[in-house]
Amino acid sequence: MIVTLLFMLVLAAVAGWWLLKHGLGSRPWLETDPAGPLPGPEPSLLPEAKLGLGVFLTVAAALLAMLVSSYLMRMDMEDWRPLPWPRLLWFNTGVLVLSSVALHGAVAAARREEMAGLRRGLLAGGAGAAVFLVGQLLAWRQLSAAGYRLSTNPADAFFYLVTAVHGLHVLGGLVALGRTVARLPDGRVTQRLRLSVELCATYWHFLLLAWLVLFALLAFSPSFLWLYEICTAPLR
Amino acid sequence: MSGMAPGADQAIPPAETAEVELYHPHSWLTKYVFSQDAKVIGIQYSLTAIAIGMVALVLSWLMRLQLGFPGTFSFIDANTYYQFITMHGMIMVVYLLTALFLGGFGNYLIPLMVGARDMVFPYVNMLSYWIYLLAVLVLVASFFVPGGPTGAGWTLYPPQAILSGTPGQEWGIILMLLSLALFIIGFTMGGLNYAVTVLQARARGMTLMRMPLTVWGIFTATVMALLAFPALFVGAVMMLFDRLLGTSFFMPTLVEMGQQLRYGGGSPILFQHLFWFFGHPEVYIVALPAFGIVSDLISTHARRNIFGYRMMVWAIVIIGALSFVVWAHHMYVSGMHPYFGFFFATTTLIIAIPTAIKVYNWVLTLWRGNIHLTLPMLFALAFIVTFVNGGLTGLFLGNVVVDVPLSDTMFVVAHFHMVMGVAPILVIFGGIYHWYPKITGRMMNEAMGQFHFWVTFLGAYAIFFPMHYLGLLGIPRRYHELGEMSFVPASAHDLNAFISIVALVVGFAQLVFLFNLAWSLRHGRLAGGNPWNATTLEWQTPETPPGHGNWGKELPVVYRWAYDYSVPGAEQDYLPQNHPGPARGTAGTAA
């Protein structure tokens, strides 16, 4: 649970800093001067939807932190037998990076109000994510063909579970992206469209980051087991 | 306000909201059933939670019948007893308390108390309720499937939860896990709304430190729930995989009836970590809204500003943060490294400090206050007593050496029922008696309310106080029948029978409460807009019950904190938050 605790610690630090910045030290019982300036809610220029997405991503990150923690705890036990991960994952990772870059381009195009660039970016991003999902399914097939099935070994089960959770999030992102693309035929870059594109891009970057962490964990953690052992040595 | 960033007023929302921005229902169906209005959703959440809570009440009756009069009732055997325990615990903790505080009170009160027209994502909010209802229906369905509901205990510990021999192994456990997953998805949708609404949709002048403590409690609990429920979600999904797909996340190598099962290599302790990483914050997810609501009830009904408002806010936030680092105190008996035990015992005891600060502040608020013994006040006072009682036994159990012998006895049952069963439920009742006039426009019947209060409060003590003694005697919990045990005196059996009879009586008193809810809807005294002379914004709405959009044409503007009671020099003994004058301490004319 160390990873989860570190994650919570970071969140607590951010929340504490934010609360302090927003007047947690003020004395509200002394603030009743009708003639003085009217204190509004603290300035926050984020649109509600962006904040909502931020909160959702924090929840998703908490979910992943639990998965990572569970994985590390199980890995720490003596009978852990890691599975040979398919090389295809490198290709999938590359595709997901490109997809994220494409959406980044779409945001830039939306800011410049370039309809063609926006359309290209969105479609390329969506196609990249779809290819990523197909690639993940192929990786599953390769693994199960090689005899590493869901029920053979905890390491295998974790591999399927973690990739499935991530894949479902990508799938959800594709739905949101589809709804954004459906707004394109209006022909104009409205405020609302730009917001949708930005939200999609943020979500994509988050999923890319999450995948990089998970990929590193699934593929390379056995080679870093010594580091984990050193960190937890005092508690053994 | 000092310390305001320059240019802050740019972010102040306009006083008038354009009509088009608000969602408008067009038919009876979208107004009362598939409503996107937070007030309707809050009532839907509350009624559903109370309905499923009645099921849990009946289950507790059945359990008590078995414990008080073992062998008398042929339809209760060991299996059904475990099913009753499991469903009672799960329903009460998750489907009643969490749903009622956050989904019910949260939905109804947050927009009104911060001066918003509605939640920021009304459609998602509506989905949240319907998914919650689906979760409840899936849970109820497990009573009717072959094998009945799961009897694994509300903690659902593997491996026994999914092994044969545990009742409900066929379908019950699957539906239970599915229902929990649905609940968490639904809650996350609602939680997004509660958090973002508090952060982004507050009225002009409503700074964070001017929010009523109710909002602080619900807000902090929401943030905690958003972070804690994913642990349960991961645990539930992994156990579903174990049960349905034959994985071994939590299942070690097992031999059953001389045959080796297909499982192997899983870790049951892993589930305990995940479960309690959710389970302990859950206690405070339930307690923090109760803390907040009780602060407002006490301040309003004692006509006195809350003592130490800043400390109260800080205590809420600190309790919320600390509650994430105490979970393993539920696992002392599972065995752990002594350093871990030391760490978790220490953090557990540290939580007592901010909690004690809150109790002192409530008592100091009452000190020399003009105490009105109204129904909400009675429940608030009863909460303080009960919470202190349950909290003190928590200090015992937080220590490893005390916990290990007591952990499997009725002492633990008494402790957690006092601190997170009875105490929050008393606040729920107090809250309902307090806000019912705003929700319906009528007061609840006083005589029925008094009867309900005294039977519930004294009855709850008669039930749970003696249980501590049973626990100290060593009476084990989770046993459906004590049988012949040399250390159990005959008086313990008599006490068990007494507790069971009181439990039946207290249960019937809740029916009086339900009758009162329905009766007062038609026959209650008309309340007017602000029957308690309260300061917070929800009592200042132009209509009672508040209309769609809450505030008529203009949003309220907030000039002061939520606790200006008995201000010297003011005309009335309270100044609503949207009341512009006079400045505190200056004798003058109140506008």
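This briefing walks through a predicted two-chain model, from overall confidence down to single residues. As the model is predicted, local features need pLDDT of at least 70, side-chain atom pairs count only at pLDDT 80 or more, and totals for chains, interfaces and linings use all residues. Residues are numbered from 1 along each chain as its sequence is written, while chains are lettered from A and ligands numbered from 1 in the order in which they are written.

**Confidence**

- For the complex, the predictor reports an ipTM of 0.92 and a pTM of 0.93.
- Where pLDDT is low, the predicted coordinates should not be read in detail.

**Chain A**

- Chain A has 7 helices and 0 strands, where helices (H or I, at least four residues) and strands (E, at least two) are DSSP runs numbered from the N terminus.
- The radius of gyration of chain A is 22 Å, well over the 18 Å that the globule rule gives for 236 residues, so this chain is more spread out than a compact globule. The radius is taken over C-alpha atoms, and the rule is 2.2 Å times the number of residues to the power 0.38.
- Along its principal axes, the C-alpha trace of chain A spans about 75 × 55 × 25 Å.
- Buried residues make up 32% of the 236 residues in chain A; a residue is buried if 20 or more other C-beta atoms lie within 10 Å of its own, exposed if 12 or fewer, and partly exposed in between, with C-beta atoms placed from the backbone.
- An unreviewed UniProt entry annotates residues 49-68, 122-139, 159-182 and 202-228 of chain A as "transmembrane region". UniProt positions are given in the numbering used here, feature names are shortened, and annotations may be inferred rather than shown by experiment.
- In the model, residues 159-182 of chain A are 100% helix and 0% strand, with end C-alpha atoms 34 Å apart.
- Residues 202-228 of chain A are 85% helix and 0% strand, and their end C-alpha atoms lie 31 Å apart.

**Chain B**

- Chain B contains 15 helices and 2 strands.
- Its radius of gyration is 25 Å, close to the 25 Å that the globule rule gives for 591 residues, so chain B is as compact as a globular protein of that length.
- The C-alpha atoms of chain B fill a box of roughly 85 × 50 × 50 Å along the principal axes, and 56% of its 591 residues count as buried.
- Among contacts in chain B between residues at least 6 apart in sequence, 80% join residues at least 24 apart.
- Helix α5 (residues 172-200) of chain B has 29 residues and reaches 42 Å from its first C-alpha to its last, close to the 42 Å expected at 1.5 Å a residue; the expected span is 1.5 Å times one less than the number of residues.
- Of those 29 residues of α5(B), 26 are buried, so this helix is largely enclosed by the rest of the structure.

**The nonpolar core**

- The largest nonpolar core has 237 residues, and those touching the most other members include A:Ala106, B:Val114 and B:Phe383. Such a core is a set of buried Ala, Val, Leu, Ile, Met, Phe, Trp, Tyr and Cys residues joined through C-beta atoms within 7 Å.
- Beyond four places in sequence, B:Phe383 is in contact with B:Ala290, B:Val294, B:Ala423, B:Leu426, B:Val427 and B:Gly430.

**Backbone details in chain B**

- Most residues other than glycine have a negative phi, and most peptide bonds are trans.
- The bond joining B:Pro158 and B:Pro159 is cis, with omega about 5°, and B:Pro159 sits in the loop between α4 (122-141) and α5.
- That loop between α4 and α5 also holds B:Leu156, whose phi is positive at about 55° although it is not a glycine. B:Leu156 is buried, with 24 other C-beta atoms within 10 Å.
- B:Met257 also has a positive phi, about 50°, and lies in the loop between β1 (255-256) and β2 (259-260). B:Met257 counts as exposed, with 7 C-beta neighbours inside 10 Å.

Key: Two residues are in contact if their C-beta atoms, placed from the backbone, lie within 7 Å.
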